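Have the structure open while you read.

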Amino acid sequence: MAEGRGATRSIKEAHEQLLPLGDGLSLWVRTWGTPGATPVLFVHGGPGNCVADYNDINAEFFDQTQFWVVEVDQRGTGKSQPSVRDDYRNMQRYLAISIEQMSADFEIVRAALSIEKWLVFGGSWGSTLGLDYAERYPERCLGLIVRGIFLNTSDEFDAVYARSSFTGNERRLKEFDTFFELASAEAANRGEPPLGGDDSQRFIRLYEEMVLRGDREAAWRFHVFENNLVLYGVPFCRLSVHFKFYAIPCTRVQCGYFVVFARRRRGVGGVC
């Protein structure tokens, strides 16, 4: 063990704690590896995922003798409290959330752990938030490792939530239409103008409102549509086995946060 380093702790022996944010909110933080070694902040994806969803895969990425790994459940999800995974009504506590606020949460964690600088590591939504954090606090970053980069720009948003993006792909169009029909029916039931297939912002806002009121069908369709984009070849209905344990809580956070961020369009290259 190098001079100045603490005893190495495996991921199975990780230390867990809740850090208070004020107003009854707290962040769940897990640390493992070797104190005094290179610190790493793991920024999970989603939004709406949590550290537990990754099944300790970070142990394969980071040598516990060479790194001190800090894993955080972002506010509102996982074991951070109050968690939308515990009760969808907790989403009401996060309607004013911003990416600035989520990046600032990592600064609270860093200060609480007495870390001067750390390596930032994340993918997908984790790349979005990791990039935002690195731009806001460059003096606190040793470096940045990102994969599956997603900035949630208008073009990227439309690539997922606009029907024309799937022109020429019969399977994707069918999946989109299954996803879309529920929001279209919602607009009609409200007496609103017909929902256009390329009106991505309104489309997802309708889903946000359905999910926030506890509509399980909306949560299921949102979750399965997005997973079908990632897990190509997995039959649409098979993913429903994850509904109780993953789909509803993840969708509540993801749909809600995407719409909240879309109203703020700021940050890294148009990150919302």
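This is a predicted model: local features need pLDDT of at least 70, side-chain atom pairs count only at pLDDT 80 or more; totals for chains, interfaces and linings use all residues.

A handy place to start is Arg 30, which sits opposite Glu 71 of β4. Strands β2 (residues 25–33) and β4 (residues 67–73) run antiparallel, with six bridges joining them.

## The whole sheet

Zooming out, which order do the six strands take? Going across the open sheet, you read β1-β2-β4-β3-β5-β6, and the pairing is mixed. The edges belong to β1 (15–22) and β6 (141–147), each of which pairs on one side only. From one strand to the next, the twist averages 25°.

## Helices on the sheet

Helix α2 (residues 99–112) packs on this sheet and touches β1, β2, β3 (38–43), β4 and β5 (118–123). The direction of α2 makes about 125° with that of β1.

Then there's helix α3 (residues 125–136), lying across β3, β5 and β6. Relative to β5, α3 runs at about 150°.

## Where two helices cross

Now for a helix–helix contact. The axes of α4 (residues 154–161) and α6 (residues 200–212) come within 9 Å, crossing at roughly 65°. Angles of 65 to 115 degrees count as roughly perpendicular, so that's the label for α4 and α6. The crossing of α4 past α6 is left-handed.

Who makes the contact? On the α4 side it's Phe 157, Asp 158 and Tyr 161, while α6 brings Ser 200, Gln 201, Phe 203 and Ile 204. Sorted by class, the contact of α4 with α6 has four nonpolar residues, two polar and one charged.

Notes
Residues are numbered from 1 along each chain as its sequence is written. Side-chain values use heavy atoms; hydrogens and water are left out. Two strands pair if DSSP finds at least two bridges between them. Helices (H or I, at least four residues) and strands (E, at least two) are DSSP runs, numbered from the N terminus. Axes are lines fitted to C-alpha atoms, for helices over the stretch in contact, and angles run from 0 to 180 degrees between N-to-C directions. Contact means heavy atoms within 4.5 Å. Angles under 35 degrees count as roughly parallel, over 145 as roughly antiparallel, 65 to 115 as roughly perpendicular and the rest as oblique. A crossing is left-handed if the near helix is turned anticlockwise from the far one by less than a right angle, and right-handed if clockwise. Ala, Val, Leu, Ile, Met, Phe, Trp, Tyr, Cys and Pro count as nonpolar, Asp, Glu, Lys and Arg as charged, and the others, Gly among them, as polar.
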